[in-house]
Every structure is written in structure tokens, then in C-alpha cells.
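The sequence and structure come next.

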Amino acid sequence: MNTDTPVRVRFAPSPTGPLHIGGVRTALYNYLFARQHGGQLIFRIEDTDSTRFVRGAEEYILEAFRWLGIEFDEGVSFGGDSGPYRQSERRDIYKQYVQQLLDAGRAYVAFDTADELAAKREAVQNFQYDASTRQQMRNELTLGKDETARLIAEGHPYVVRFLIEPGEDVHVDDIIRGDVCINSSILDDKVLWKSADQLPTYHLANIVDDHLMRITHVIRGEEWLPSSPLHVLLYRAFGWQDTMPRFAHLPLLLKPDGKGKLSKRDGDRLGFPVFPLEWHDPKSGETSSGFREDGYLPEAVINFLALLGWNPGGDQELLTMQELIDKFNLEKCSKNGARFDYMKGQWFNREYLLRRSDEELGAEFAELLQREGIEATQEQAAAVVSMMKTKVIEYQTKDGPKKRNVSFISDLWPLCRFFFVAPTAFDRNDKFIKKSWGEGAAAQMQQLRDLLATVDDFSVEGQKAVVDPWVEQTGAKPWNTWRVCLVGEGQGPDMYSLAAFLGKDEVLRRMDFAINTLS
């Protein structure tokens with residue numbers, strides 16, 4: 001392929017369900033590569049397997065990319081001059097290329113039924129439809145052209161298989177893995193086209209579309225590497241060697257623990273999403289969590305995924321989309337699988353959360369408060385976020401309680417509930433309360449309460465001007481006891497800041513309730 005050819009890459013999902021996060025990473029790498037080289041990214045829908053089509057999947061995939069900020073230049077819903085971009089709408093195009101292979105003797109018609117193939121697999125261990133077995137099957141090579149034509153004319157269902165000659169070393173030039181060599185003897189005569197639905201299989205459609213859409217680089221998952229030698233042979237069979245794209249097979253995303261490829265079950269087991277958006281399965285009715293609905297920021301997800309299998313070098317981890325575009329290099333992608341460290345994903349989300357202004361976060365927190373039945377202005381929500389976004393939360397695991405920093409807006413509600421809901425009871429067995437409310441606590445709080453009642457300016461500075469001299473004069477240490485009154489447990493911001501937020505009337509009311517209840 002000419003290195004001066006404008007870069008054109010594609011992402012071509014099948015609408016068979018929600019988009020896995022591994023597919024999102026593949027699309028992201030294609031996007032970064034295209035933008036870095038001033039090229040174009042095409043969105044294609046590979047829907048040749050009509051039996052696996054799932055209603056709503058295509059719209060879900062497009063919405064996921066809109067949320068993430070991955071933009072396409074042409075394709076399904078974007079337009080362009082190489083369409084149609086949905087494979088089910090390209091039947092006539094594929095049929096002429098199937099005929100071209102048949103006419104050249106590079107493919108043949110086969111009539112083997114599903115039952116006959118199953119019986120053969122049962123009778124022959126590791127059965128493969130290839131040069132060593134094709135003469136034992138019901139196909140054009142054994143039946144002859146006249147019988148084949150008669151069966152087709154009578155409407156017998158058939159497939160078209162690619163004729164692979166054995167004993168040839170097929171080389172795949174892979175940007176990440178270098179020269180990958182596979183002998184053609186281990187390849188089977190793949191089905192390229194089916195008369196039942198008049199549609200090609202992935203193997204033929206993929207090659208024809210890439211050629212006609214002028215794709216220069218195919219960046220896809222490692223799981224497609226075994227099929228790449230077949231695609232090389234198909235390019236040769238059509239005489240398209242000079243326009244063959246360069247391949248790059250990305251490393252798999254691996255389980256956070258143990259071995260194997262990341263799956264939805266891993267997310268369900270460990271409590272993290274594996275889909276970009278929440279998915280409602282139209283068949284089973286099951287709902288699967290999504291990164292968006294779980295409170296992840298799109299820029300955090302992009303940054304996290306970009307570094308799963310690729311690293312620009314150096315210590316910098318927080319990278320904007322433009323920085324990722326500038327630094328991206330396919331040749332620096334790992335050959336080995338990348339472990340999906342979902343806790344690192346939470347760390348990224350926290351870092352991007354802290355980069356947002358209190359006003360932005362306050363608007364989102366106000367919406368969350370409204371869902372909890374709390375009426376609060378965006379200004380109030382922003383003030384709470386400012387005080388609490390750097391705090392630590394405790395959460396339960398199968399191994400007991402653990403702590404982590406606030407990483408999501410949703411973390412703030414249980415952490416900040418006391419700002420909007422006063423304590424209605426006190427757990428006398430709570431360690432913090434037992435330690436903070438000792439003998440004389442009620443009398444000390446009564447003094448502080450009466451002192452605060454005299455304060456006209458209830459700002460932080462106004463309170464300090466009255467309370468600090470009292471503390472210095474009496475030697476009182478009222479902070480944890482006062483926290484029991486206002487919060488009901490051992491958490492929260494600086495007491496003056498909390499009291500200023502609550503306001504004088506609410507502070508006095510909470511203190512009266514605590515003094516009466518705990519006394």
C-alpha cells in the first residue's frame with residue numbers, strides 16, 4: 001500500500017447487543033490513529049448475520065460514541081460517498097464479487113446440510129472442511145458443474161466456500177506484532193456466502209467493504225488475528241494486493257483477577273460495568289449497568305481505556321483527548337493482554353471529578369438531591385461539593401469495610417446527607433459518640449449553644465470571632481462534641497464551615513435536640 005495514501009480506518013460493530021468496553025477501546029484507537037494522521041474514521045454496521053440481530057443495538061452504539069466524544073467522519077447515520085454502510089443493504093455488491101471468485105475457480109458451491117456437517121464432525125476428530133476432506137463432501141468439486149447447476153435451479157440451499165490451497169506460508173504484516181506467519185494447511189475453506197439469506201459472511205463482506213471504502217489500516221482486536229491470513233488470501237484472490245490495508249491486532253482486555261478475557265460476569269461479580277451505557281435487553285428484560293449511569297465522566301473513561309494496552313512513556317497519566325491524539329503510537333501497543341484494573345478506572349474518574357468546577361459538580365449534585373427528595377439550589381449543592389469532594393468514604397466488601405476517596409457524584413449523597421437531613425437519633429454504641437459525649441458534654445454544649453445564639457454574623461469569620469476567645473479562655477475542646485450534635489457521627493467538614501452552611505436557626509435546633517436526647 002502506498003504510504004502517501006490518506007489514512008482511512010473503520011469501526012464496524014455487529015448490532016447483536018450492547019457494545020463491550022473492549023469494542024469501545026478498539027474504536028478509540030482507530031479514532032486516535034485517524035486524527036493523528038489527518039485521516040478519516042468510518043462507521044460501518046456488519047449485520048450479515050440476521051439471526052443475531054438485536055433491536056436497539058445500533059442506536060445504543062451510536063449513543064455511546066456521542067457520550068464519549070468519539071466522532072466519525074462518514075458511515076451509518078453520518079453519510080459519505082462510499083455507502084451504503086450497512087452490510088445488509090449491500091447484497092448486490094457482494095454477489096458480483098462472489099461470482100468473480102467462482103468464475104476464477106477460487107471458490108466453489110457446497111450443498112452439505114447442517115446435519116451432514118454435524119455427523120462428519122462426530123465421525124472425524126478435529127474435522128476441518130479443507131483440501132484433505134472437501135473431496136468427501138457434497139460440493140461442486142465432487143458433484144460436477146451440471147449437477148451443481150441442476151441443484152441450484154431446483155432451489156436447494158447452498159453456500160459458497162473459499163478454495164484454500166494447502167502448504168503455503170501466509171504472512172500478515174502486523175504493526176504491533178510484526179510478521180505473523182501461518183501455514184494455509186491449518187485454514188479451512190471458509191463459507192463466504194449463503195443462499196438462504198442471500199448474504200455474505202463476515203469474511204467476504206469485510207474484505208470487499210474495506211477495499212471499496214479505501215481502508216488503509218485495519219485496527220481490531222486480537223481475537224481476529226487467526227482470520228487475518230484468510231483475509232490476505234482473499235485480497236490476493238481478487239488481485240487487490242496493492243491496496244491491502246496494514247493490520248494491527250490489539251491486545252485483549254483481561255479479567256481484573258485470574259486468567260482469561262474480560263466478561264460481563266466479571267463486572268457482575270466484582271461490581272463494575274463492562275458496557276459504556278446501561279443496557280436493557282429487549283429479549284430477556286435484564287438490565288446491565290453502564291459507565292455513564294454509574295457516574296463515570298466520559299473523559300475519564302477515554303483516558304482510562306487509552307492506557308489499557310498502550311503507554312506513551314513517561315509518568316504522565318492524565319491526558320486530554322488532544323494529548324492522546326498527539327502522543328498515540330500503534331507501534332507502542334503491547335502484544336500482551338491488558339488487565340482491566342477497574343479500581344484504576346475509579347481513580348481516573350476521581351481525578352477528572354476534581355478537575356471540574358464546584359459549579360459544574362454542584363449542578364449534577366443538585367439533580368441527585370432532587371431524586372432523593374431534597375430541594376436545594378445549585379449554589380447550596382456547589383457549596384457542599386466544595387467542602388466534601390476530597391473526603392474519604394467507607395464501603396463494604398466481602399473482606400470487610402474498606403475506604404476510598406470520593407470518585408463519583410453519587411458518593412456524595414451518603415457522605416453529605418447530614419447537610420440536608422438532621423439527626424433524628426444517636427447510636428450510643430458508636431465509638432465516635434461514646435468517645436466524644438462524655439461527662440460534662442451536655443453542659444459544655446449548652447454553653448456553646450447559648451454563645452452561638454448571640455452571634456449575628458453567622459459566617460465562618462463571625463462565628464470564630466465569638467467562639468475562639470471562649471475556647472481560649474475556658475480551655476474547652478468542643479469540636480467533636482459539637483460534631484455529634486450537628487452530624488450525629490464522626491464525619492463532615494470543618495465545624496465553622498458546616499455551621500455557616502446550616503445557618504443559625506438550624507444549628508441551634510440540632511444542638512437543642514442533641515442536648516435533650518443525649519442527656
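In which helix is the place of Ala149? Ala149 sits in helix H6, residues 145-153. Helices here are DSSP runs of H or I with at least four residues, strands are runs of E with at least two, and both are numbered from the N terminus. The model is a predicted one, in which local features need pLDDT of at least 70 and side-chain atom pairs count only at pLDDT 80 or more, while totals for chains, interfaces and linings use all residues. Residues are numbered from 1 along each chain as its sequence is written, and side-chain values use heavy atoms, with hydrogens and water left out.

Ala149 has a relative accessible area of 44% and is therefore partly exposed. On this scale buried means under 20% relative accessible area, exposed means over 50%, and partly exposed lies in between (1.4 Å probe, protein chains only). Val109 is 40 residues from Ala149 along the chain, and their C-alpha atoms are separated by 9.7 Å.

**Overall form**

The protein chain contains 21 helices and 17 strands. Its C-alpha trace spans about 110 × 50 × 35 Å along the principal axes. The radius of gyration is 32 Å, whereas a compact globule of 519 residues would have a value near 24 Å. That radius is taken over C-alpha atoms, and the globule rule is 2.2 Å times the number of residues to the power 0.38. Ser386, in helix H14 (residues 378-388), and Leu101 are 285 residues apart in sequence and 67 Å apart in space, C-alpha to C-alpha. Ser386 counts as partly exposed because its relative accessibility is 38%.

Of the 519 residues, 50% count as buried. The accessible surface of the chain comes to about 24700 Å², and 47% of this belongs to carbon and sulfur atoms; such areas come from the Shrake-Rupley method with a 1.4 Å probe, and for residues only the protein chains shown count as cover. Contact means heavy atoms within 4.5 Å. Among contacts between residues at least 6 apart in sequence, 71% join residues at least 24 apart.

Helix H10 (residues 298-306) holds Asn303. Why does Asn303 count as buried? Asn303 counts as buried because its relative accessibility is 0%. Leaving aside residues up to four places away in sequence, Asn303 touches Glu317, Leu318, Leu319, Leu324, Phe348 and Tyr352. H10 is mostly covered, with 8 of its 9 residues buried. The buried residues of H10 pack against H1, helix H2 (57-68), helix H11 (321-327) and helix H12 (342-355).

Helix H8 (residues 228-238) has 10 of its 11 residues buried, so it is largely enclosed by the rest of the structure. Among the buried residues of H8 are Ser228, His231 and Tyr235. Just after H8, Gly239 takes a positive phi of about 80°.

**Backbone details in loops**

Gly83 and Pro84 are joined by a cis peptide bond, with omega about 0°. Pro84 is in the loop between strand E3 (74-75) and helix H3 (91-103).

Two residues other than glycine have a positive phi, as tabulated here.

| Residue | Phi | Relative accessibility |
|---|---|---|
| Asn126 | about 55° | 72%, exposed |
| Gln198 | near 55° | 32%, partly exposed |

Asn126 belongs to the loop between helix H4 (114-123) and helix H5 (140-143). Gln198 belongs to the loop between strand E8 (191-194) and strand E9 (199-200).

**The largest pocket**

On a 1 Å grid over the protein atoms alone, a pocket is an open set of points where a 1.4 Å probe fits, with protein on both sides within 12 Å along at least five of seven lines, and lining residues have an atom within 4 Å of a point. Grid points are joined across faces, edges and corners, and a volume is the space filled by probe spheres set on the points.

The largest pocket has about 1200 Å³ of space. Its lining has 42 residues, and Ala12, Pro13, Ser14, Glu223 and Trp224 lie nearest the centre. Strand E1 (8-11), helix H1 (21-36) and strand E10 (217-221) each supply at least two lining residues. H1 gives the most, with 4 residues.

What kinds of residues make up the lining? The lining divides into 17 nonpolar, 13 polar and 12 charged residues. Here Ala, Val, Leu, Ile, Met, Phe, Trp, Tyr, Cys and Pro count as nonpolar, Asp, Glu, Lys and Arg as charged, and the others, Gly among them, as polar.
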